[in-house]
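Keep the picture open as you read.

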Amino acid sequence: MAASISIISVFAAALLADITFTQTTSQREQDKTLQWYRDPESGLEHPLVASGYPADELAALNQYLRAQALNALAARRECLAALPADKRDALQYRATLTPTLMNDRYASFHIHEDNTCNTPYEGDYGITYSIAAGRGLELEDLLWLGDNPPHPLADDNPADQAERERRAQWLLATLKTVAPQMTQDYPYQPHHYLYPYFYLTPQGVYIGPLLPARAAAHAHPAATVIPYGEIKKHPGILGEKTLPKIHRAFTLHPNFHQTAGWHQSDGGACQP
């Protein structure tokens, strides 16, 4: 699921015409209130923000968060539709979403997926929404190392690909400095950071690698957080002044990652 998703396709909308959500639990994070919603048929839960932002900003953020959930539901239904009926009950799809930073500038989340639909897959990624920009972010919005003005990186542009490779080298070198223990767990290489995932934390930007499925256990290394002070030396599209300030008082509920998220109970059929 891409970090920049904010709308769903016409095809996905047709797949989800009968979807309804019920409220479950609420969660207080700083001065923001998260309200969780559950799709009874799939078991999918996702958060919307009930309070803590001006009305217009709140509506835009919730549209983004709801789109994340709807795209996950559409992917699940596409998966089930492609499988023989006798194989559907054995499949599982879990995704747990944990807020990592909620402040007046950003809403950021870590997502862990465990998907046995078709090819078994386990992975991690992040989503980050800018309240001021009104959209989900890519890493170049926050970090830029090139000599040219920062801009979205295109996969089919040789100059952009060179910038992506330069950034990957810098990311790995920097992460080895801030989290030297990571090299003891897995032989990370620059190409693992060509398309990294990221999310924001109170201390800095968490950077995760893109690894092959066989190395999924190493796809969320501990403490690979680049401090905001280092990121500010290389500001991206949004500029240095938009980077988060450190909020040392920010804490998560100790059992939050176990009690809420995009998940299913054991034994369900391919449910996010």
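**Starting from one serine**

Serine 108 counts as buried because its relative accessibility is 0%; buried means under 20% relative accessible area, exposed over 50% and partly exposed in between, with a 1.4 Å probe and protein chains only. Before going on, a word on the model: it is predicted, so local features need pLDDT of at least 70 and side-chain atom pairs count only at pLDDT 80 or more, while totals for chains, interfaces and linings use all residues. Residues are numbered from 1 along each chain as its sequence is written, and side-chain values use heavy atoms, leaving out hydrogens and water.

Where does serine 108 sit? Its place is in strand 5; helices (H or I, at least four residues) and strands (E, at least two) are DSSP runs, numbered from the N terminus. The serine 108 side chain makes a polar contact with the side chain of threonine 128, at 2.7 Å. Such a contact is a pair of N or O atoms within 3.5 Å; within protein, one must be able to donate a hydrogen and the other to accept it, and residues adjacent in sequence count only if both atoms are side-chain atoms. A polar atom of the serine 108 side chain also lies 2.8 Å from the backbone nitrogen of leucine 200.

Strand 5 (residues 106–115) has a partner: it pairs with strand 4 in the antiparallel sense over nine bridges, where pairing takes at least two bridges found by DSSP. The two form a hairpin with three residues between them. Histidine 112 in strand 5 is the bridge partner of threonine 96. As for strand 4 (residues 93–102), eight of its ten residues are buried.

Now over to helix 4. Residues 158–178 make up this helix of 21 residues, which reaches 30 Å from its first C-alpha to its last. At its start, a side-chain oxygen of asparagine 157 comes to within 2.8 Å of the backbone nitrogen of alanine 159. Buried residues of helix 4 include Trp170, Leu171 and Leu172, and what covers the buried ones includes helix 5 (182–185) and strand 9 (204–208).

That brings us to the largest nonpolar core, with 28 residues; a nonpolar core is a set of buried Ala, Val, Leu, Ile, Met, Phe, Trp, Tyr and Cys residues joined through side-chain atoms within 4.5 Å. Leu171 and Tyr193 are among those with the most contacts inside it. Helix 4 gives the most to this core, with five residues.

Conventions
The expected span of a helix is 1.5 Å times one less than its number of residues. Contact means heavy atoms within 4.5 Å.
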